[in-house]
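Q: Hi! Could you walk me through this model?
A: Happy to, let's bring it up.
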Amino acid sequence: MVEDYSMKELKTIERRIASLNNHLFPKSSILSECRQISSSPASAEDSYRRIHGEVSKEPAVWRPALDESGKEFTDIHYEKSVGEGIAKITINRPERRNAFGPHTIKELMRAFSDARDDSSIGAIILTGKGTKAFCSGGDQALRTSDGYTDFESFGRLNVLDLQVQIRRLPKPVIAMVAGYAVGGGHVLHMVCDLTIAAENAIFGQTGAKAKVSSYFGSDIFHVQVGSFDAGYGSSIMSRLVGPKKAKEMWFLSRFYNAYEAEKMGLVNAVVKLENLELETVKWCREILRNSPTAIRVLKSALNAVDDGHAGLQVPFAAFNF
Ligand SMILES: CC(C)(COP(=O)(O)OP(=O)(O)OC[C@H]1O[C@@H](n2cnc3c(N)ncnc32)[C@H](O)[C@@H]1OP(=O)(O)O)[C@@H](O)C(=O)NCCC(=O)NCCSC(=O)c1cc(O)c2ccccc2c1O
């Protein structure tokens, strides 16, 4: 039954709910619980504020981080926020619009693995250096007939392993997108749990792109990019935007602006470029107030239809990690 309430009646209902909440969960009783688990009254107040107070609007303070190998990263920046549970992983190849090679992916996997194992981390941001691109996909300069190669003599496309890692990671991963998220870069933002986009963000798949050239007088198509992602890049996109729109994105290789992407269900929010990091951090802070166990089980439950039984293993493994 749908009831029509006047604004005045709604305000009265709101007040009654607030006073009921206060009665059931008075600040004094929550504070005393915080005291029982906190080492000092000050940290109890701090815990109370963190759970029930306003979300801080201050920018996060980042410090560089390494994984257990202690090896410096070259293709990415890996940072953790001071005093909060946020990790930030930035693809650092702006001169190539943050395209990735096999080595970039190896570093991304090391950072994600560290963020997973660090129990002080509850949310992970994935982004690209600069404002021109989140990521432009596989580095075309490293592409051979055998796949993508850098230091190794055989080609590979380990970005598929990274996609699986992000899906199975028992913590929320948030794509923070400024500029282009195209090709494999578009797939990367889609496999993240949430996407916050700047107004200048542009989304699209380039894999099917071809160019026309003349051959014995008749037009034929020569493949230009000629790559496709028939795994998550297709199934998750179809789930997000629906099968017709997904086919449009892949078959036509069109680009979509941030507001179009939001309307299609590809992104959670569009914000001004200058507010992008602050807003993304705010989303992380709101997540960090909630139960990490509920979130990790919900993440795999929400992914289970696409990830099948392997996806369902995650919560149980996660309880022991
Ligand atoms: C991203 C762009 C639309 C940006 O255009 P813009 O005009 O802003 O910039 P430029 O084009 O001038 O680029 C500046 C500079 O960066 C270089 N660069 C850009 N993108 C790449 C790239 N992907 N690889 C290598 N280098 C790149 C560019 O050459 C310029 O260098 P200069 O030296 O000339 O300054 C536009 O750049 C663009 O369209 N880029 C290509 C995007 C693309 O086609 N990517 C798809 C590659 S395929 C892929 O990603 C892929 C992903 C998967 O998940 C797969 C899964 C399974 C199988 C295959 C997969 C796969 O192939």
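Q: Is R97 buried or exposed?
A: R97 is buried, because 22 other C-beta atoms lie within 10 Å. The rule is 20 or more other C-beta atoms within 10 Å for buried, 12 or fewer for exposed, and partly exposed in between, with C-beta atoms placed from the backbone. By the way, this is a predicted model: local features need pLDDT of at least 70, side-chain atom pairs count only at pLDDT 80 or more, and totals for chains, interfaces and linings use all residues. Residues are numbered from 1 along each chain as its sequence is written.

Q: Where is R97 found?
A: In the loop between β3 (86-91) and α4 (102-117); strands are DSSP E runs of at least two residues and helices H or I runs of at least four, numbered from the N terminus. Phi of R97 is positive, near 50 degrees, and the residue is not glycine.

Q: And what about phi of N98?
A: N98, also not a glycine, has a positive phi of about 60 degrees. N98 lies in the loop between β3 and α4 and counts as buried, with 29 C-beta neighbours inside 10 Å.

Q: Switching topic, how many residues surround the ligand?
A: There are 24, and the closest are A99, G137, G183, G184 and S227; the C-beta atom, placed from the backbone, has to lie within 6 Å of the ligand. The elements giving two or more residues to that shell are β9 (180-182) and α6 (184-191).

Q: What does the protein's pLDDT average?
A: It averages 85, and 74% of the residues score at least 70; pLDDT is the predictor's confidence in each residue, from 0 to 100. The model scores ipTM 0.97 and pTM 0.84.
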